[in-house]
Amino acid sequence: MAMTMDPLRFSPGQTPSHRLRQTGASVLGGEGSRPESGACRRSSGRVDASPAYAPYAPQMPGDLPPGMTSVRSGSSNAEPDVDERPPSASKSGLLYTDTAPSLENFSGPAQNVPVLRKVQQRRYRGPPEQIPKAVWSDSVAHLAPEEEWPLHAVPLFIFGGVDRPRPAYREELKFTLRNDKYVSFALRLRCGTGDHYMGGTIGLLHNPERTEALAGDEGQLATILDLVVQPDNSVIVTAIGDLDFTVARTWMPRGLRGLQLAFVDVHRSKVPALQPLLRTCDEEPGFALFGQLVARAHGFEQVAEALNGADGPFTVFVPRDDQLFAALGGGSVEEMLQTPYLQAILACHIVRGKVPFEALYSGRTLKAIDGSVLMVTFTQWPRGGPCVNDVPGEHMDIFASNGVIHSIKGVLMPAPRSNQRR
């Protein structure tokens, strides 16, 4: 029995090259149909071994098969337009979508702030702070008596009507500003443009006929200590009186809405002479009993001599006569001098060194001449009524030649020393 055998045989793993070429072109290009499974065409028992396609040519990676064109170019002869930049170079970084989150300004309280725990306060142990100056004339008090004081440039506050405020030397006063130019300048002082914290030195004048000052007009210096702005745009001014002056020259600078500035000649001869502490107690109403007890107490002669001008400076917390009278049991001065521990009671009111009201703050401790510790507090933060060992103060900063006096509404009691039992 005769059999016709296919002369073309391929070993396993070997495939005709023209089949791969035709198959790839048909799949990628979409032309023609898939070739028959047989590598050669059979016809009436006769095998046609001649290839139907061109011989296979090797291709480099990235080249298109013959007969195919690039989708980036309309012409088959044009080279493909290849973007050699990295993918991130063509991106703008913006999210073009309606659902992307947007950033908005946040004006609420701080969030995710760590909490400080177990914080311990440490007090700074350094030299005592300097005594701040209360009025402008304090800044030139160090000059020699024969030396003239400098001309001082101050803003002028001119009052109309009946009269202007006339405070005594170092006396506190309050008045209200409603004029636009004075209110505007007061806001400048409150923002720190003055020569004092939240204030500065001004000149007070009175002229019912005109709103401008002329050379030769007389007024009084005042140092602003505090400024309070009201809801109706008025300003309440707290000041302290200083010395009198005479206007030497005036001008009206731009930007102050018509406010005048002037060089003034301060009347140095009108500076009141300060008396020693004991004499000041005798002259001040309500303090005479404390001065008499200090001057006549047995065994207190050296302290009385120091307070009378032989030594200093001192800070004395003086109780008023009626409160000291009630604390010592009443009676005459001779009977009160027989009070047990009178010297200790008087000594705990006296502190070595000059400590005015501006140098007091809540938590400050002072040491009396007998060793008692005096704690200063304020009833309302930050500048409420001052208290010394829970005794409220009444009238502060009564200056003397060798110290300062603070009036208190009670009597201090000596505290036992650290090595003594209560």
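## An aromatic cluster

Ring pairs join F157, Y182 and F185 into a cluster, where rings of Phe, Tyr and Trp (its six-membered ring) are taken to pair if their centres lie within 6.5 Å. The structure is a predicted model, in which local features need pLDDT of at least 70 and side-chain atom pairs count only at pLDDT 80 or more, whereas totals for chains, interfaces and linings use all residues. Residues are numbered from 1 along each chain as its sequence is written, and side-chain values use heavy atoms, with hydrogens and water left out.

The structure holds six aromatic pairs. One of them, formed by F157 and Y182, is tilted, with 4.9 Å from centre to centre and 35° between the planes; planes under 30 degrees apart would count as stacked and those over 60 as edge-to-face, the rest being tilted. Because F157 lies in strand β3 (residues 152–159) and Y182 in helix α2 (residues 180–193), the pair ties together parts that are 25 residues apart in sequence. Helices (H or I, at least four residues) and strands (E, at least two) are DSSP runs, numbered from the N terminus. F157 counts as buried at 1% relative accessibility, and Y182 counts as buried at 10%, where buried means under 20% relative accessible area, exposed over 50%, and partly exposed in between (1.4 Å probe, protein chains only).

With strand β8 (residues 261–266), β3 pairs in the antiparallel sense over four bridges, and H152 stands opposite V264 in β8. With β5, β3 pairs in the parallel sense, again over four bridges, and the bridge partner of I158 in β5 is L205. Two strands are said to pair if DSSP finds at least two bridges between them.

In α2, the residues K181, Y182, V183, S184, F185, A186 and L189 are buried, and what covers the buried residues of α2 includes β3, β4 (172–177), β5, β6 and β7 (235–251). At the start of α2, a side-chain oxygen of N179 reaches to within 3.1 Å of the backbone nitrogen of K181.

## The loop at N207

N207 is placed in the loop between β5 (201–206) and β6 (218–229), and N207 is buried, with a relative accessible area of 12%. When its neighbours within four places in sequence are left aside, N207 is in contact (heavy atoms within 4.5 Å) with I158, F159, G160 and E212.

## An open sheet of seven strands

Seven strands form an open sheet with mixed pairing, in the order β10-β9-β15-β14-β13-β12-β11. Its edge strands are β10 (350–352) and β11 (365–367), each of which pairs on one side only. Within this sheet, strand β13 (residues 386–388) and strand β14 (residues 391–400) run antiparallel and are joined by two bridges, and the bridge partner of C387 in β14 is P392.

## Cysteines

A disulfide is a covalent bond between the sulfur atoms of two cysteines. With a disulfide taken as a pair of cysteine sulfur atoms within 2.5 Å, the count comes to zero. C281 is buried, with a relative accessible area of 2%, and C348 is likewise buried, with a relative accessible area of 1%.

Technical notes: A polar contact is a pair of N or O atoms within 3.5 Å; within protein, one must be able to donate a hydrogen and the other to accept it, and residues adjacent in sequence count only if both atoms are side-chain atoms.
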